Amino acid sequence: MTSFESDFTMTIGGAAVAGIASFPVLNPANEQEIARAPDCSREELDRAVAAARAAFPGWAATPYAERQRLVASIAGVLGANAEGLKRLLTSEQGKPHADAIADVLGGAYWCQASSTLQLPVTVVEDGPERRGETRHVPIGVVAAIAPWNFPVILAFFKVAPALLAGNTVVLKPSPFTPLTTLKIGELLRELLPPGVLNVISGGDALGPWMTSLPGIDKVSFTGSTQTGRKVMASAAASLKRVTLELGGNDAAIVLPDVDVAVVAEQLFWAAFRNSGQICIATKRMYVHKDIYEPLKEALVSYARTVTVGDGAEQGTQLGPIQNHQQYARVLELIADAKAKGYKFLIGGERSTAPGYFVPVSIIDNPPEDSRIVQEEQFGPVLPLLKFDDVDEAIARANASDYGLGASVWSADTEKALAVAGRLQAGTVWVNETQYLSPLAAFGGHKQSGHGVEGGVEGLLEYTTAQTTFVKKALVSA
């Protein structure tokens, strides 16, 4: 029987590997060590890549329908172990149990739905002399590098399509949240052939080792734009394929015809779900001047009802910032806003409790050039911004190096769609936010990413095109 509280090992070639070194994993709610995770060495990384390379020919030759079945079966394993994984995830990530189980089951859903996708075959020519068709074949060994905010579902954004397409994978979770992913690797050893999915963990050196290693053919990375640039530069040396899902500074535009009483709660969660630690969280909220004051009051009123605390405690709605590095950055942005004299409608003070807790903070109409508007905060701090006309709001929303997501809120769907079409973002929502589908492409514009995840487009990211021409008959002399 699997223990979810101890015995954390890597999975290399289908076997448990304890590693020659380890590092501590902390609970962000109390800053206490909960376990130690293996710290993968260069030699162990080489073994993982060699195992993936050895498994690749057999996995690529496995019938597509069988790969579909096995990817779908991952969902069953995750579902059957959701309770244990939920508690473990909360202990290392900090999110409430309800959000943790949504992360785990979200990974299960992503596998199940992704398994229904089909690789297209395009007939490019079919005449008397020849037939030509283009199909899509696997690339090889994929390095999947997952982040700490949604360790499970964002890992399977990569693993599910990579395996389905016929690649083998070396998966590395964040060093801040490795434990749940290591356990998932353990649970899948009996399901997948050895070497098809290898799971390793390590510190800051491991990612750069992976991206520069010649034995890896593709890197799929989710994380900050700054790190994404380093991944792309490292991968360029051997012309590795890359998919990068990077930072965002998502804008919400709230038009004056909304019912404030109806949308206030939805807008709050658009910004503060997972304590703002979501790449597609609303990070700038542009509100029309006619409803600015009532919406401001409604947001603050609702914020006062939300419970911030240890995710393992009943009733907690928002947990801590996940790690000290991000905690310090959020506090720095708050300190900068206070030093500049910006008005906090709620929050802005530092928690005195143990753990990396930051109270829900809303800033009243700071300048457009302020750091809290221009930078991605990735925490529970929201600038509320007033605008006079829609053209102005669109221009301000688009004046960013980022272009991951955006949302428009209005009682008039056609009007909202017209605004949405002018926003420079990979995904735009109308009257909702943060909805993603395994059947739809998700990716960023500008410096928010390179390539896409999800849908057939995301599946094709793990393939390379191969065109075959067949001459139907030899021409007589």
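Reader: How many aromatic pairs does the count come to?

Author: The count comes to seven aromatic pairs. Keep in mind that this is a predicted model.

Reader: Why is the pair of Trp 110 and Phe 157 called stacked?

Author: A pair of aromatic rings is described by the distance of the centres and the angle of the planes. Ring centres must lie within 6.5 Å to pair, and planes under 30 degrees apart count as stacked. The centres of Trp 110 and Phe 157 are 4.0 Å apart and their planes stand at 25°, so the pair is stacked.

Reader: Which parts of the chain does that pair link?

Author: Distant ones: Trp 110 belongs to helix α4 and Phe 157 to helix α5, 47 residues apart.

Reader: Are Trp 110 and Phe 157 buried or exposed?

Author: Both Trp 110 and Phe 157 are buried. The word stands for under 20% relative accessible area.

Reader: What makes Phe 268, Trp 269, Phe 272 and Tyr 302 a cluster?

Author: Ring pairs link these four residues, Phe 268, Trp 269, Phe 272 and Tyr 302.

Reader: What lines the largest pocket?

Author: Its lining has 38 residues, and Trp 148, Phe 221, Gly 223, Ser 224 and Thr 227 lie nearest the centre. The space in this pocket is about 1200 Å³. Helix α8 gives the most to the lining, six residues. By class, the lining of the largest pocket holds 14 nonpolar, 17 polar and seven charged residues. Gly counts as polar here.

Reader: Which residues lie nearest the centre of the second largest pocket?

Author: They are Phe 150, Ile 153, Ile 278, Gln 434 and Leu 436, out of 21 lining residues. The volume of the second largest pocket is about 490 Å³. Helices α4 and α5 each supply at least two residues of its lining, and α4 gives the most, with five. The lining of the second largest pocket divides into twelve nonpolar, five polar and four charged residues.

Definitions and conventions:
Residues numbered from 1 in each chain as written. Predicted model: local features only at pLDDT ≥ 70, side-chain atom pairs only at ≥ 80, totals over all residues. Heavy atoms only, no water. 1 Å grid on protein atoms, 1.4 Å probe; cavity = no way out; pocket = protein on both sides within 12 Å on 5 of 7 lines; lining within 4 Å. Points joined across faces, edges and corners; volume = space filled by probe spheres on them. Helix = DSSP H or I, 4+ residues; strand = E, 2+ residues; numbered from the N terminus. Phe/Tyr/Trp six-rings, centres within 6.5 Å; stacked < 30°, edge-to-face > 60°. Buried < 20%, exposed > 50% of the residue type's maximum accessible area, 1.4 Å probe, protein only.
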